[in-house]
Amino acid sequence: MDLVIKNGTVATASDSFRADVGIRDGRIVALGEGLSATREIDATGRLVLPGGIEAHCHIAQESATGGMTADDYRSGSISAAFGGNSCFVPFAAQHRGMGVLETLALYDSRAEGASVIDYGYHLIITDPTEKALGEELPAAFARGVTSFKVFMTYDLMKIDDTQFLDILSVARRHGALTMVHAENSGIIRWMSDRLVAKGHTAPRYHAISHPAAAEIEAINRAITLARFVDAPLMIVHVSTDEGAALVAGARLEGARIFAETCPQYLFLTRDDLDRPGMEGAKFMCSPPLRDAATQQALWRHLQLGTFSLFSSDHAPYRFDASGKLAKGPGASFRQIANGMPGIALRLPLLFSEGVRKGRITLNQFVALAATNAAKLYGMHPRKGTIAIGADADIAIWDPEETRTVTLADQHDNMDYTPYEGMTLTGWPVTVLSRGEVVVDAGRLVARPGRGRFVARARPDFTGYPGGRAPELDPARNFGAEIDP
Ligand code: DUC
Ligand code: ZN
Ligand code: ZN
């Protein structure tokens, strides 16, 4: 062994136990008592957890209208590592007219030589041409990009229901997971037109223009379409109790329907959009922040397992002319980029307010931090757990350390944090990726560019049998041959 982490409490998604962790050539090779090696890290009083996997973040990504995120693979990965993550999966966004493989090549050029932690991509598909569906998505899957995100809203990105069914079918055939941004485009446009016509353009009206009903309708439709063709589906950034309840109902019936929520929906409310001047723009994201009652409902869904994932949706747009205020200091909510940072605080927020306050167990925390993402995005058991043979992607946490969040301590390229002033207990102190220390005691000690692309395998849907609609079943549709 070249390294042993000694005397800590190891936790996985199922168990917590005292053990030393032995590492050789970047992998975990031993778990036991009294292990020794030439290099040792003393983890007395600390938790030894799988490194976090940040499964939803926007890094070096331009929006359909051209705005670029403030973080690239260097700053984004460094910020992720300081937040206890040793792997992340940003998006590779196809814009209309671009090929899928061309999109992946572009993101390769952005990530290679820059990331301090391992990375993969989810593809965003906005232009599902015959070539994309027939050749390029299968090729992307073969090179380890096994999840595809689609949008039901945004004029320059949205797909219609037919295209959605096409993508779900291709994903199902290859064993990929389709992810969806579920909001009803018509409701949002209808509300936005009326608000703007009456001069209601301030950031707070963003939440009014994206009502809960828009999310609920779209989640219902997305689940219906996915179940119709028996395709697995991940509903990202769920912000409503009713939307989460639709997911819970489908899961109870064995459908392969999964969901994610994000820190902003648990820790912020739409009152934050009502801050003076344009300050509310810092809290604009889509779906928007909701109310305190919804926060409580979402915590409940997190506790009960409706949400498999808890991701940051780090979408870093600065509060200046390069980001949120690109259209000027008095821009309408329609013209302000949606998104906020959170990649470094996702896990400290969940640990402090979830584990420390008794809302979730340490093992649930591990599942939400890493294990579930590893399983659903095809990286388990190589990543997302502490087990013999797994990559030594490990975060050592001090569960007693208390810090107050402030921008000066952040490592991203942002000029604000929405969580400024929150006091949190429990912080990652040392983060390893494939056995190499990346962050230690507040310092970056690894070289940007050491992170590697992770070719992901098929997601693991064990326990969810699914089942297709009778009209697609040859035994029940008078023999019609429809191959979804
Ligand atoms: N969807 C995201 O996933 N992130 C930011 C904005 C959006 O619409
Ligand atoms: Zn989205
Ligand atoms: Zn996002």
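**Notebook: arginine 346, a zinc site and the cores**

I started with arginine 346 and listed what it touches, skipping residues up to four places away in sequence: Gly52, Ile53, Glu54, Asn85, Pro263, Phe310, Ser311, Ser312, Leu368 and Ala369. I kept in mind that this is a predicted model.

Next I looked up where arginine 346 sits. I found it in helix α11, which covers residues 346-355. Is arginine 346 buried or exposed? Its relative accessibility is 0%, and buried means under 20%, so I noted arginine 346 as buried.

Then I checked its polar partners. The side chains of arginine 346 and glutamate 54 make a polar contact of 3.3 Å. A polar atom of the arginine 346 side chain also lies 3.4 Å from the backbone oxygen of leucine 368.

I moved on to the zinc ion (ligand 3). Which protein donors does it have? I found His56 (NE2), His58 (NE2) and Asp313 (OD), at 1.9 to 2.0 Å. Their spacing in sequence is H-x1-H-x254-D. The zinc ion (ligand 2) is 4.3 Å from the zinc ion (ligand 3).

Histidine 58 is in the loop between β6 and α1, and aspartate 313 is in the loop between β14 and α11, so the pair ties together parts 255 residues apart in sequence. I noted both histidine 58 and aspartate 313 as buried.

Last, I looked at the nonpolar cores. The largest has 134 residues, and Tyr73, Phe164, Ile235 and Phe365 touch the most other members. Helix α12 (residues 362-376) gives this core its largest share, nine residues. I also found a second, separate core of 18 residues, including Val10 and Val437.

Methods:
Residues are numbered from 1 along each chain as its sequence is written. Chains are lettered from A and ligands numbered from 1 in the order in which they are written. This is a predicted model: local features need pLDDT of at least 70, side-chain atom pairs count only at pLDDT 80 or more; totals for chains, interfaces and linings use all residues. Side-chain values use heavy atoms; hydrogens and water are left out. Helices (H or I, at least four residues) and strands (E, at least two) are DSSP runs, numbered from the N terminus. Buried means under 20% relative accessible area, exposed over 50%, partly exposed in between (1.4 Å probe, protein chains only). A polar contact is a pair of N or O atoms within 3.5 Å; within protein, one must be able to donate a hydrogen and the other to accept it, and residues adjacent in sequence count only if both atoms are side-chain atoms. Contact means heavy atoms within 4.5 Å. A nonpolar core is a set of buried Ala, Val, Leu, Ile, Met, Phe, Trp, Tyr and Cys residues joined through side-chain atoms within 4.5 Å. Donors are N, O and S atoms within 2.8 Å of the metal (3.2 Å for Na, K and Ca); water is not among the atoms, so sites may look incomplete.
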